[in-house]
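Reader: Please take a close look at the charged side chains in this model. I want the pairs, their surroundings and the elements that carry them.

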Amino acid sequence: MVSTVSPKSSRGFTLIEMMVAMLIAGIIMSMAVYGIRDLLVNQRMKTAAFNLVISSMFARSEAVNRGASIYIKAPSSNDLTGGWCVLVSSTANCDIVSPDLTNTMRVSQPVDGVTYTFRTTAGPIVFNRAGRLDNRVKVEIVDNQDSNQKRCVVIDVGGNATSAVGACS
């Protein structure tokens, strides 16, 4: 016996079925794009805050180990947005591109897409020989593409640095 297949059962998808499938795929893709964008912004903000916290911890540790003041300075005008250096001398200048190896202990490159703003007395940040600060320092980090995305790095007078989501109060 020979079986016959009706022409209607071998035709595949209809145009309407394909359009519905493409619409559903488009909706899912658009949700994924927004999720990835938010993930990238969040990671950039975490990295920017982490870099400052780590530099603060390093500077504090070196101040205690050396028994001398250690400085976190920006390359120009106390603007950490262009990066910063951990220095052993108050008169040393921060040069991100070609640092003075005699006075520069660490260089932090800028994180693209963020702005750092001092919310307390502007820098440099100075850790004394006991690893302490004269005044608490607050630095607010803002995403340049979404100004609602903020982080606040606080370095207390004991030299401890913390990072929190949101604007500095």
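**Charged pairs and their setting**

Author: Four salt bridges occur in the structure. A salt bridge here is a side-chain nitrogen of Lys or Arg within 4 Å of a carboxyl oxygen of Asp or Glu. The model is predicted: local features need pLDDT of at least 70, side-chain atom pairs count only at pLDDT 80 or more, and totals for chains, interfaces and linings use all residues. Residues are numbered from 1 along each chain as its sequence is written, and side-chain values use heavy atoms, with hydrogens and water left out.

Take the pairs in turn. One of the bridges joins Arg44 and Asp143, at 2.8 Å from N to O. This pair connects distant parts of the chain: Arg44 sits in helix H1 and Asp143 in strand S6, 99 residues apart. Helices (H or I, at least four residues) and strands (E, at least two) are DSSP runs, numbered from the N terminus. Asp143 counts as buried, at 1% relative accessibility. Buried means under 20% relative accessible area, exposed over 50%, and partly exposed in between (1.4 Å probe, protein chains only).

Another bridge pairs Arg119 with Glu140, whose closest N and O atoms are 2.9 Å apart. It too links distant parts of the chain: Arg119 is in the loop between S4 and S5, Glu140 is in strand S6, and 21 residues separate them. The two ends sit differently. Arg119 is partly exposed, with a relative accessible area of 46%. Glu140 is buried, at 5%.

Arg37 and Asp38 form a further bridge, 3.2 Å from N to O. Arg37 is partly exposed, at 37% relative accessible area. Asp38 is also partly exposed, at 43%.

Lys138 belongs to strand S6, which covers residues 137-143. Lys138 is buried yet has no salt bridge. Its nearest side chain of opposite charge is Glu140, 8.8 Å away. Lys and Arg count as positive here, Asp and Glu as negative; His and the chain ends are not counted. What lies 2.6 Å from a polar atom of the Lys138 side chain? The backbone oxygen of Ser169 does. Contact means heavy atoms within 4.5 Å. Leaving aside residues up to four places away in sequence, Lys138 touches Thr117, Phe118, Arg119, Thr120, Val153, Val154, Cys168 and Ser169.

Next, the nonpolar background. A nonpolar core is a set of buried Ala, Val, Leu, Ile, Met, Phe, Trp, Tyr and Cys residues joined through side-chain atoms within 4.5 Å. The largest core has 27 residues, of which Leu80, Tyr116, Ile125, Phe127 and Ile141 touch the most other members. S6 is among the elements that each supply at least two residues of this core, as are helix H1 (15-66) and strand S7 (150-155). H1 gives the most, with eight residues. A second, separate core of six residues includes Cys85, Leu87, Cys94 and Ile96.

Last, the helix that carries Arg44. Its expected span is 1.5 Å times one less than its number of residues. The 52 residues of H1 should therefore span 76 Å, and its end C-alpha atoms are 75 Å apart, which agrees. Buried residues of H1 include Val41, Met45, Ala48 and Leu52. Just after H1, Gly67 takes a positive phi of about 65°.

Definitions and conventions: Polar contact = N/O pair within 3.5 Å; in protein donor to acceptor, adjacent residues only side chain to side chain.
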